[in-house]
Amino acid sequence: MKRLIERSRSVGEVLRWVTQNPGKVSASHYPIALHKLGQLLQQQPGPPVGAGDGRGPAGQVLEQPEFHALCQAIVSGCAKFDNFSIVNCLYAAAALGLPGESPLVRVLEDESRSRLGRFNQKDVSMVFSSEANNKALEAIFSSQLFYENRQERFIRSMAEWLPRKAENLTPYTMALIAKYVARHRLREPRLLDTIANFLLKRGEQLDSKVIQKLVFPFSRMNYRPSNYGELFPKLEAILEQKAGSSPLATVNILMSMFQLSHFPQTVLHQVFSPGFITNVMSSPYALIVRRYLSLLDAAVELEFREYSGPRLDPRYRVLMFEHALTADEANRKYSYKGLVAEALRQLVGEECYRQDEVLPPGYCTDFLLWINRSGTVLPLSRVPAASRAPPATSPVTVSLRSSVLALTSDLQVVLSVNDKWHYCQNSDILVGSRAMRDRHLRLLGYCLVQLPYTELEKVSGIEEA
């Protein structure tokens with residue numbers, strides 16, 4: 001039967017084989033028939049496949065009784081189909097242009113959603129490229145299997161049609177999409193601009209917790225949306241009204257803005273006010289907010305020198321990070337840092353560099369070296385006290401700008417190993433947090449030397465390293 005369907009030369013021939021031989025047709029034959037119909041219709045002149053209004057071959061076929069009989073056979077039997085047949089039927093129906101409200105598509109979508117947990121990655125990808133309504137998108141991005149795997153082709157496709165459908169999506173669905181894009185570092189401008197436009201139109205109706213989820217992809221991907229000039233002032237106005245209702249969300253939104261070098265002065269007045277600080281210090285998330293506020297305060301000192309409002313009380317300053325980031329720890333076995341460490345050990349000796357040194361305001365550096373103006377790497381034990389960064393355990397009372405002193409004759413160098421996950425996917429653009437870290441280290445007076453993974457992966461052996 002498979003060969004007969006695939007060798008058919010006309011739409012009528014396909015429909016006859018399937019509808020007149022029900023006893024010989026199995027579940028796997030239905031997607032083959034739908035795919036073959038799509039191929040044959042594409043070869044015929046007239047309106048595109050799926051026009052469905054009788055204006056040509058495609059529309060006429062979709063109205064034929066034999067085609068309805070084929071659809072009804074799938075609807076009746078799909079609960080017993082294997083996963084592969086379900087997925088391929090849905091994919092073929094989408095390619096054929098069947099409307100989302102048709103009984104065949106609705107039944108296949110429902111059956112697919114009920115099986116998401118049992119689909120493999122390829123099945124999931126095919127299903128998701130076939131569905132496009134709000135309910136389907138919510139199911140797609142709620143799927144743990146989909147969430148854990150990067151579907152770049154689907155995301156590129158979605159960037160084409162999502163702008164037309166965005167106004168019909170719920171904030172919850174859009175937040176799920178934003179979370180997925182951020183997790184996989186997918187710097188797709190059309191998709192990010194769609195999220196930004198959604199936020200611009202709906203921002204006043206959203207609470208701060210939803211706004212933070214929609215804003216995060218911009219800072220994560222180090223991307224200013226095309227409507228930046230309108231969006232960020234609007235977000236400032238919303239934050240002014242809602243700053244106290246969800247302090248952690250407010251601080252997260254501020255962090256995203258700071259990473260994109262935008263500093264909302266009025267909101268900072270509120271966030272550093274005694275009332276806001278008292279409120280967050282008595283909350284269950286006090287420590288994480290203190291970390292964020294400490295970094296925001298450091299960023300104000302380094303990048304927003306014209307700010308003259310309240311600042312974070314020194315008693316509450318802590319290091320933003322006390323050790324390597326979670327992502328760096330999780331991906332340690334894929335990092336080039338071990339290769340660089342061994343190369344440094346052989347080249348300059350262990351006494352001439354430090355690995356994983358945490359520098360105020362809490363940035364973990366890959367390697368720290370001390371070099372004089374003639375280019376000689378010096379033992380770190382001989383760094384004068386005046387030019388040393390304050391110890392990581394007590395950064396709170398020292399001005400950040402005074403933490404790197406006496407650099408007129410010598411240089412402290414931060415060697416930065418930029419692994420693959422430090423960049424946006426398929427890009428040479430660093431993620432926002434890494435980019436801000438680099439800006440701050442330079443402003444603190446350190447000389448920053450970048451070692452991108454694209455160069456390190458070309459290295460063969462320790463001698464080349």
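A crossing of two helices is left-handed if the near helix is turned anticlockwise from the far one by less than a right angle. In this predicted model, α5 passes α7 in such a left-handed crossing. Helix α5 spans residues 65-77. The axes of α5 and α7 come within 9 Å and cross at roughly 25 degrees. The angle is under the 35-degree cut-off, which makes α5 roughly parallel to α7. On the α5 side, the contact involves Cys71, Ile74 and Val75. These residues meet Pro103, Leu104, Val107 and Leu108 of α7. The residues of this contact comprise seven nonpolar, no polar and no charged.

Helix α7 (residues 103-114) also packs against helix α6 (residues 83-96). Here the angle is about 140 degrees and the axes lie 10 Å apart. Helix α6 is therefore oblique to α7. The crossing of α6 and α7 is likewise left-handed. From α6, the contact draws on Ile86, Cys89, Leu90 and Ala93. From α7, it draws on Leu104, Val105, Leu108, Glu109, Glu111 and Ser112. By class, the residues of the α6 contact with α7 are seven nonpolar, one polar and two charged. Leu104 and Leu108 of α7 take part in the contact with α5 and in the contact with α6.

At the level of the whole chain, the secondary structure comes to 24 helices and five strands. The protein chain has 465 residues, of which 51% count as buried. Contacts between residues at least 6 apart in sequence were also examined. Of these, 70% join residues at least 24 apart.

Aromatic rings were searched across the whole structure, and seven aromatic pairs were found. In one of them, the ring centres of phenylalanine 258 and phenylalanine 263 are 4.8 Å apart, with the planes at 80 degrees, so the pair is edge-to-face. Phenylalanine 258 and phenylalanine 263 are both buried. Ring pairs also tie Phe258 and Phe263 into a cluster with Phe304 and Tyr307.

With residues up to four places away in sequence left out, threonine 173 touches Asn134, Leu137 and Glu138.

Definitions and conventions: Residues numbered from 1 in each chain as written. Predicted model: local features only at pLDDT ≥ 70, side-chain atom pairs only at ≥ 80, totals over all residues. Heavy atoms only, no water. Phe/Tyr/Trp six-rings, centres within 6.5 Å; stacked < 30°, edge-to-face > 60°. Buried < 20%, exposed > 50% of the residue type's maximum accessible area, 1.4 Å probe, protein only. Axes fitted to C-alpha atoms, helices over the stretch in contact; angles between N-to-C directions. Helix = DSSP H or I, 4+ residues; strand = E, 2+ residues; numbered from the N terminus. Parallel < 35°, antiparallel > 145°, perpendicular 65-115°, else oblique. Contact = heavy atoms within 4.5 Å. Nonpolar A, V, L, I, M, F, W, Y, C, P; charged D, E, K, R; others polar.
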